[in-house]
Amino acid sequence: MDRLSILVLHSLGDPAFAPAFLGHHVFALQRNFPEHDYLYHDATLPLPEYVTEQDFDAIVLDVTFLTARWASLDFLQARKDAYAFVRESGAVKIAFPQDEYDCNVLLDDWMCEWNIDVVFSVIASGWDVLYPRYHKHGNIRLGYTGYIDESLIDRPTQPFQTRTIDIGYRAKKLPPYFGRVGQTKWTIGRDVARLATNTGLHVDIELGDKGTLFGDAWLKFIDNSKFTLGANSGSSLLDPTGEIQRHVRAYLAANPDATFETVEAACFAGQEGLYSFTAISPRVLEAALLDSAQILVDGDYSDIIKPGEHYIPIRQDASNFEEVRAAMSDTNEVIKMIKRCRETILSVDALRYRNKARMTLELIGDLATRKNLSPNRERARSNITRYMTEMPAKYKSRWRSQQFRVRVANAVAPYPVLHSALRSAARIFR
């Protein structure tokens, strides 16, 4: 394969505070095949003009870049305007969106407007619903929310019996506009924590942002958990333009203690459950590779793992918790299940970061040949060198500023009036 010049647009933010799987996702091409010429740009900083004027073999839109559709329509338009050169570019253009049920029409329009060559969807079906325009003429292929970090394969793990946590779980409390599937992500943790009380089980379950673990701390947590609780990623609600989300937010602002059922009746009556968009999550892969047995809400998990064979199934409302406890107590069978799950995950070549990167580069090479692209690669290398010389100081300054804002936000969070005032000021002066 010829040496390719590739622009990757993302919005990861400070890598030190980003989930490990997202960092791997963003930089998968460069980490696995460094022989090509890459320019990685975080869209939270202005893009130098000389980059917009450079021809590339390919432009890759990372999942974090595409989250702009979740902000206001003004923000989305500003993002499109700032990167309008992508629309005009003749380069191979590839997009890796996730949570496609969230503002799917905005995403669909974006992919059409920018003439994206290939969209990798993490949802295995329903592409005609998610991409009502793009699916008619575009190229949609299956991708995944996360891939296997090769460094985990040979990472030493604790013996099952020496792990001190019986059931471990971390989850954010998702708002109602992800439907019942989204609610289950956190309610299963709440219900299991309640049911495990006075059972003698050591349960370490934290819901909300306070319990979030990053990097190696997260991996050590799984490695110390005999069982990892989990659920499918996804949503059972389609929100084409974000109108449902805006309605829900406004309703909860006025009714902060409203139940899911109340919010459903007020904001999206009759729409919950019409669709089910789910996918296997990075957590499932990490637990499998770190030899933690899994207790998962029964689901399809991208048709890769199956209940009873690879994980202990738990009902959405945890009503079969006693059956789960009985299965947990059969240590010999649990250890066999751990082995089966690990072997099955490792057997799926498409789940390897290196294979994903190779496939992406081969696709770029093939499409670039078909398009008869011939960018000035020497100029591209020169501009990449210039970028790598000029931008690090700007990135460092931006991450310092972000860290300061996070510290201030955490400090004033217990004081709602002050917190609201500072958020308003930030919107005015940003």
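Reply: Contact here means heavy atoms within 4.5 Å, and axes are lines fitted to C-alpha atoms, for helices over the stretch in contact, with angles that run from 0 to 180 degrees between N-to-C directions. Helices (H or I, at least four residues) and strands (E, at least two) are DSSP runs, numbered from the N terminus. The model is predicted, so that local features need pLDDT of at least 70 and side-chain atom pairs count only at pLDDT 80 or more, while totals for chains, interfaces and linings use all residues. Residues are numbered from 1 along each chain as its sequence is written, and side-chain values use heavy atoms, with hydrogens and water left out.

Me: At about what angle to β4 does helix α19 run?
Reply: Helix α19, residues 353–370, lies across β1 (5–10), β2, β3, β4, β5 and β6. These strands form an open, parallel sheet in the order β2-β1-β3-β4-β5-β6. Against β4, the helix α19 runs at about 150°.

Me: Why is one side of β2 and of β6 left without a neighbour in the sheet?
Reply: Two strands pair if DSSP finds at least two bridges between them; β3 (residues 58–61) and β4 (residues 92–95), for instance, pair in the parallel sense over four bridges. β2 (37–42) and β6 (139–142) stand at the edges, so each has a single partner strand.

Me: Which residue in β12 is the bridge partner of Phe227?
Reply: A further open sheet has five strands with parallel pairing, in the order β8-β7-β9-β12-β13. Within this sheet, strand β9 (residues 225–230) pairs with strand β12 (residues 293–297) in the parallel sense over four bridges. The bridge partner of Phe227 in β12 is Ala293.

Me: At about what angle to β12 does helix α18 run?
Reply: Helix α18, which spans residues 331–347, lies across β9, β12 and β13. Its direction relative to β12 is about 80°.

Me: Which element gives the most to the lining of the second largest pocket?
Reply: A pocket is, on a 1 Å grid over the protein atoms alone, an open set of points where a 1.4 Å probe fits, with protein on both sides within 12 Å along at least five of seven lines, and lining residues have an atom within 4 Å of a point. The second largest pocket is lined by 20 residues, with Lys173, Gln183, Trp186, Thr259 and Phe260 nearest its centre. The elements giving two or more residues to this lining are α11 (179–195), α13 (243–254) and α14 (260–267). With six residues, the one that gives the most is α11.
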